[in-house]
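Here is a short note for someone opening this entry for the first time.

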Amino acid sequence: MAIQIKNNFLKKEDFKNINSFIMGNKMPWFFGDGISHETKDSKYNYYFTYRFFHEESGPTVFYNLLLPLIKKLKCKRLIRVKANLYPSTERVKKHGYHSDYDFKHKACLFYLNDNNGYNYFKENSKKIKPKANTAVLFDPSIKHCSSSCSDQKRRVTININYE
C-alpha cells in the first residue's frame, strides 16, 4: 500500500465537531510514558493519549464522535482508534521508529491541527507535515515515526488501525 495523502478529508462540519471536542478543554487525556522504545531523549519520550476504541475492549463513551471519520474509511474491521497529543518542545524533536502491529492491515493518521511537526516513513524517506483535516493512509507495519512541534502548544492526531 502506497502512502496516500487526502486533504479536506471530512466535511467542514464533521471536522469542526471532532476538532472542537478533542482540541477543547473537556477531552480526557491520559499520560503515556514512552512514545517509542527507540526514542533516545527520555525527557521528550512522553505524550498524552485517549483510546476511543480497541477491538478487545470495544468503544468508549466518546466513540460516536468519530463515526464520520470511521465511516469514510469504509472499515471492514476496526482494530484500534486513538488520539495522540504531543506537547510542544523548544525545537521539533523526532520520536523513535515503530510499527503499529506486525500483521497486515491499514492505518489512517488524521491531523487535527497545522504545525511544524511531521511524520516520517523510513522505507521511502517520506516526511509529511501536519495539516488540519488531512488523512494519511498507509501500511502501519512499515517503520514510521512522529515528532513534537515547536510552533503550537501541541500536535494532535487521530490514529486508526483497521482492515
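1. Along the sequence, the elements of the protein follow the pattern β-α-β-β-β-α-β-β-β-β-β-β-β. That makes two helices and 11 strands. Please keep in mind that this is a predicted model.

2. On overall dimensions, a compact globule of 163 residues would have a radius of gyration near 15 Å, and the protein agrees with this, at 15 Å. Along the principal axes, its C-alpha atoms fill a box of roughly 35 × 35 × 30 Å.

3. On the interior, buried residues make up 51% of the 163 residues. Among contacts with a separation of 6 or more, 74% are between residues 24 or more positions apart.

4. Helix H1 spans residues 12-22, and its buried residues are Phe15, Ile18, Asn19, Phe21 and Ile22. Seen down the axis of H1, these buried residues fall within an arc of 170°, so they line one face of the helix. The face turned away from the buried side of H1 carries Lys12, Glu13 and Lys16, which are exposed.

5. Which elements cover the buried residues of H1? The cover includes helix H2 (67-73) as well as strands E3 (47-54), E6 (106-111) and E11 (154-162).

Conventions
Residues are numbered from 1 along each chain as its sequence is written. This is a predicted model: local features need pLDDT of at least 70, side-chain atom pairs count only at pLDDT 80 or more; totals for chains, interfaces and linings use all residues. Side-chain values use heavy atoms; hydrogens and water are left out. Buried means under 20% relative accessible area, exposed over 50%, partly exposed in between (1.4 Å probe, protein chains only). Helices (H or I, at least four residues) and strands (E, at least two) are DSSP runs, numbered from the N terminus. The arc is that of the directions from the helix axis to the C-beta atoms. Contact means heavy atoms within 4.5 Å. The radius of gyration is taken over C-alpha atoms; the globule rule is 2.2 Å times the number of residues to the power 0.38.
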